[in-house]
Amino acid sequence: MTKRTGFSEGEVCWTDLQTKDVAAAKAFYAEVFGWRYEDLPTPDGRSYAQAFLGDALVSVIAPQNPQQEAAGAPGQWNVYFAANNARELVDSLAHSNGTVEFGPEPVGDTGVMVFFAPPGGGTTGAWQAGTHFGTARTEEAGALAWAELLTPEPQAAVGFFQQLFGHEVTEYPQDDGGTYTTLMVDGTEVAGIATVPSEAEGALAPGWQVYFGVASVADAVAAAMAAGGVVLIEPDEAEEAGTIATLEDPQGAVFSLLEV
């Protein structure tokens, strides 16, 4: 169990869901993670839901933007890295192979948001904290536990994040001859980068994969299936990580479970 009061630059600090049916997503994730919610209005008259474990804010479920709605896009979990200065981060992207997709955009007094993509793709968020610093809990049941980027250009992506945030890295050789790389801040692993695994072809697309902690992967999978979710990758014992599984919620958002 890890209670957080802030994040260093380059740490994964937050994840949120954009979905076409906020009410249905709330019901689904309440069944899987036991979240409770507080609803708040959006500027366009809709509402989004803050998700809590007890009194700890751990995520947000928000409606899709007009472009996502028009495209009929499935739900999407977003990953955010803590940034000290969003404007400087955007300026530094101009000198890299990354692409700015949105922002920097102030979100009231809560912080400043940016979306960008590294070489090879994979929409990535950055968050400059205001009154909101990120998730209040990590690495426990119902909270963000890990994030990894699956990309066709892992080496380029690793170099990109090292340049952007100054990450150190650790490399783990894989049985298939590839490498799983972890990004590190102050000696702590904060995210992973890997090639899209061939055995997951058709189940996982390039982009960020979000892992939530659960006390029992088997129980969480059963709860998700009963609530209308679909298992994309069956529970398995991953070397170093422990038991994991990957699922799709009823609105098409992909997420993973990690036994903690």
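1. The largest nonpolar core comprises 56 residues, and Tyr29, Trp35, Phe116 and Phe161 have the most contacts inside it. Such a core is a set of buried Ala, Val, Leu, Ile, Met, Phe, Trp, Tyr and Cys residues joined through side-chain atoms within 4.5 Å; buried means under 20% relative accessible area (1.4 Å probe, protein chains only). A second, separate core of twelve residues includes Cys13, Tyr80, Met113 and Phe115.

2. The model is predicted: local features need pLDDT of at least 70, side-chain atom pairs count only at pLDDT 80 or more, and totals for chains, interfaces and linings use all residues. Residues are numbered from 1 along each chain as its sequence is written, and side-chain values use heavy atoms, with hydrogens and water left out.

3. Leaving aside residues up to four places away in sequence, Tyr29 touches (heavy atoms within 4.5 Å) several residues, including Leu17, Trp35, Ile61 and Phe255.

4. Eight of the eight residues of strand S5 (residues 56-63) are buried, so S5 is largely enclosed by the rest of the structure. Strands are DSSP runs of E of at least two residues, and helices are runs of H or I of at least four.

5. S5 pairs (at least two DSSP bridges) with strand S2 (residues 12-19) in the parallel sense over three bridges, and Leu17 stands opposite Ile61. Strand S4 (residues 47-53) runs antiparallel to S5, joined by five bridges. S4 and S5 form a hairpin with two residues between them, and Gly54 in the turn has a positive phi of about 60°.

How values were computed:
Buried means under 20% relative accessible area, exposed over 50%, partly exposed in between (1.4 Å probe, protein chains only).
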